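Dear colleague,

Here is the structure I said I would pass on. My notes follow below it.

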Amino acid sequence: MSYATETSVISPQVVPFYRAIPRLLKDPVAELARMGAEASGQVVRVDLGPFRPYLVSHPDHVQQVLTAEWNNFAREGMFWRPVRRLTGKGILREGAEWTDARKILQPLFTAKYTATLAEDMADAIAERVLELDVHAWTGQPIDAADQMTAIINQAIVKVLFGGRISRDTAERLAPEFATCATSIAFRLLFPFIPYSIRVPGDRAYMRATNNIDEIVYPLIEQARREGARSGKADLIAVLLMAREQQDGRVDLEQVRDDLVSMYATATETTAMSLTWLWAVLNDHPDVSARLHEEIDDVVGQEPVRPEHVPRLSYLHTVLQELLRLYPAGWLIPRQAVTDTEIGGVRIKAGSQVLISPYTTHRLPEFWDRPLEFDPGRWAGDGATPKHRYAFFPFGAGPHSCLGQNLFRIEAPLVIANLLSKYRLVQTNPQPLTALPGASARPKQQIMLRLVPIERNPQT
């Protein structure tokens with residue numbers, strides 16, 4: 001299939017500087033999506049003055065960049081600089097560094113292997129959710145983002161790190177990663193600003209990165225002294241052994257980069273998606289009621305176990321729709337390696353290309369009522385989108401997110417645990433905007449009151 005047009009070369013639609021800057025300063029994630037919709041998914045050039053990236057949102061063009069011609073669109077350029085100040089070299093790089101890291105890490109994130117973690121993950125999630133009872137008894141609201149992150153962190157620490165990271169350490173790590181994810185917003189919007197110039201968020205980002213290093217490096221050193229533990233292989237031990245076998249020595253900085261990248265991958269997507277969920281359910285009481293009904297029918301008063309998950313069919317459609325409207329990985333930057341064409345538009349080597357699932361998932365050409373939250377669109381014949389690349393919440397192609405199989409286990413277990421025990425009532429309903437960091441998280445706090453579900457005693 002040819003992805004460049006076979007007719008004459010065309011010019012992209014251009015969003016001029018005087019319109020692009022105010023729009024992106026106001027609400028960058030949503031405005032980028034509107035730019036794609038206004039162009040009916042055709043290539044858009046966004047004029048930011050000295051920097052003019054191409055917004056690519058049509059599914060055909062997404063397929064070209066992420067899959068068909070992925071070698072010609074590298075994860076390089078100024079959009080990657082803010083992220084790599086934290087993640088360094090490894091799974092988020094290109095070339096040999098990425099190939100080596102993917103070879104080491106992929107076996108730990110296959111559907112088959114993650115299924116073996118499900119029982120331990122269910123236990124960890126249930127244990128952490130049980131601690132929320134104190135908030136239900138006192139009526140004290142919880143911060144959705146903080147609590148979703150805490151629950152996911154505890155589960156990941158148990159199943160991926162084999163207990164090498166204590167709960168106290170994990171709770172110290174979580175806010176530092178959150179700071180890194182949010183404080184790069186200005187750099188993402190204006191990536192052309194030299195790093196010699198301080199911009200909002202720089203100090204917070206570097207402070208959080210240094211704090212992460214002070215926690216992570218001692219964990220690696222300890223794991224190296226202790227060697228592999230019995231039972232399931234933990235992530236740190238696997239990285240140490242693989243890197244030593246590969247290079248004949250252990251590059252602690254490389255192990256640190258691998259570890260930080262995967263910790264973020266395994267926690268951020270699920271925690272942020274679940275944060276959006278509670279505001280969505282508050283706005284759609286009919287969806288919430290049906291979800292409660294299904295979980296009550298399938299789980300009842302039993303502990304939530306992995307075998308319940310396949311039977312929660314409505315929950316699956318809710319998660320699909322949540323990922324459509326609120327994909328955590330909202331921006332996928334690429335840099336053209338050689339001169340090429342996308343949709344008939346000439347793209348010179350070195351040009352920045354921006355793909356946004358948040359944008360493509362809202363194109364009216366491929367989604368009926370694109371801004372409406374409707375889990376029913378994923379039932380029956382609607383379970384398959386109109387185009388394979390109209391829905392790609394975890395990316396696509398060789399660089400697709402390794403953590404997606406974990407998400408398919410983590411997210412249903414968390415939701416089923418919470419909704420089998422409580423009704424979650426948002427105490428501060430308000431319009432939400434997405435903060436454009438490493439993930440798209442709500443800019444506003446979402447506060448929830450936990451109301452225990454009363455059941456008749458079993459006879």
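**Notes on the model**

Asn153 touches Ala170, Ala174, Tyr263 and Thr267, leaving aside residues up to four places away in sequence; contact means heavy atoms within 4.5 Å. This is a predicted model, in which local features need pLDDT of at least 70 and side-chain atom pairs count only at pLDDT 80 or more, while totals for chains, interfaces and linings use all residues. Residues are numbered from 1 along each chain as its sequence is written, and side-chain values use heavy atoms, with hydrogens and water left out.

Asn153 belongs to helix 9 (residues 144-160); helices (H or I, at least four residues) and strands (E, at least two) are DSSP runs numbered from the N terminus. Asn153 is buried, at a relative accessible area of 4% (buried is under 20%, exposed over 50%, partly exposed in between, with a 1.4 Å probe and protein chains only).

Six strands form an open sheet in the order 1-2-3-9-6-4, with mixed pairing; two strands pair if DSSP finds at least two bridges between them. Its edge strands, strand 1 (13-15) and strand 4 (73-74), each pair on one side only. Strand 2 (residues 44-46) and strand 3 (residues 54-56) run antiparallel and are joined by two bridges. Arg45 has Tyr54 in strand 3 as its bridge partner.

Helix 2 (residues 28-38) lies across strand 1, strand 2 and strand 3, at about 75° to strand 3. Axes are lines fitted to C-alpha atoms, for helices over the stretch in contact, and angles run from 0 to 180 degrees between N-to-C directions.

Regards
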